Amino acid sequence: MEPSFGPSLYFGSCTGCSKAVYGEGRACRAMGCLFHDTCFTCSVCSEKLTGKPFYTVSGRIYCEEDFKYSGVHPSSGVCNSCGCLLMDMVLQARGKSYHPSCFCCVVCRQSLEGQQFTVDAESRVYCVSDYHKLKAPLCAACREPIVPTEGSTESIRVVSFDRNYHPECYSGEVNPI
């Protein structure tokens, strides 16, 4: 049974339960509607939302967590790296979407946002430096990788009898094994 308050303390009907709202401090206004504090809750987890961020989709009310992770968020997709929803900034690379912090080299984990990068045959993303260290051909003479010189994006090598050499390591002698 509702407590008996004077008519001056009647505020209207609650949008959530349709019962009368009486007394100050027992209700809230949201989306132009009146709710009891106990009726203004998340439609997924029932968390009270008075004074908290909330979202509405198709007339349903969601707390921030359920809006982000329950699948109702009208997101452009999920991050190709971590699989979580993309909510704010989205980095597009190679036709895929990433959180900027998730788009990083698979070796050194350095962020590649705004940086040059390369991709291997399995679509793994590398900073250029690590890619060259791992994928560059080895010099047949010194056994070091043949990588671009600093400030360059191209490496120079000599190929002789299907063997790779740094130009400075190649002696010009032909000694096939």
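Glu-47 is partly exposed, with a relative accessible area of 32% (buried means under 20%, exposed over 50%, partly exposed in between, using a 1.4 Å probe and protein chains only).

Some ground rules. This is a predicted model: local features need pLDDT of at least 70 and side-chain atom pairs count only at pLDDT 80 or more, while totals for chains, interfaces and linings use all residues. Residues are numbered from 1 along each chain as its sequence is written, and side-chain values use heavy atoms, leaving out hydrogens and water.

**Exercise 1. Find the residue that forms a salt bridge with Glu-47, and say how exposed that residue is.**

Step 1: Start with the rule. A salt bridge needs a side-chain nitrogen of Lys or Arg within 4 Å of a carboxyl oxygen of Asp or Glu. Side chains of opposite charge can pair when their charged atoms come close.

Step 2: Look for the partner. It's Lys-52, with the closest N and O atoms 2.8 Å apart.

Step 3: Lys-52 counts as partly exposed, because its relative accessibility is 39%.

Step 4: Searching the whole structure turns up five salt bridges.

**Exercise 2. Work out where Asp-120 sits and what its side chain reaches.**

Step 1: Asp-120 is in the loop between β9 (117–119) and β10 (125–127); helices (H or I, at least four residues) and strands (E, at least two) are DSSP runs numbered from the N terminus.

Step 2: Buried or exposed? At 8% relative accessible area, Asp-120 is buried.

Step 3: List the polar contacts. These are N or O pairs within 3.5 Å; within protein, one atom must be able to donate a hydrogen and the other to accept it, and residues adjacent in sequence count only if both atoms are side-chain atoms. The Asp-120 side chain reaches the backbone nitrogen of Glu-122 at 2.9 Å, and a 2.8 Å polar contact joins it to the side chain of Arg-124.

Step 4: Go beyond the sequence neighbours. Not counting residues up to four places away, Asp-120 touches Tyr-126, Tyr-131 and Lys-135 (contact means heavy atoms within 4.5 Å).

**Exercise 3. Trace the salt-bridge network that includes Asp-120.**

Step 1: Take Lys-135. This residue forms a salt bridge with Asp-120, the closest N and O atoms being 4.0 Å apart. The pair links distant parts of the chain, since Lys-135 is in helix α2 and Asp-120 in the β9–β10 loop, 15 residues apart.

Step 2: Lys-135 is partly exposed at 39% relative accessibility, whereas Asp-120 is buried at 8%.

Step 3: Glu-122 and Arg-124 meet through their side chains in a salt bridge of 2.8 Å, N to O. Glu-122 counts as exposed at 51%, and Arg-124 as partly exposed at 37%.

Step 4: Join it up. Salt bridges with shared partners tie Asp-120, Glu-122, Arg-124 and Lys-135 into one network.

**Exercise 4. Describe the surroundings of Ser-97.**

Step 1: Locate Ser-97. It's in strand β8 (residues 96–98), and it counts as buried because its relative accessible area is 16%.

Step 2: Find the polar partner. The side chains of Ser-97 and Gln-92 make a polar contact of 2.5 Å.
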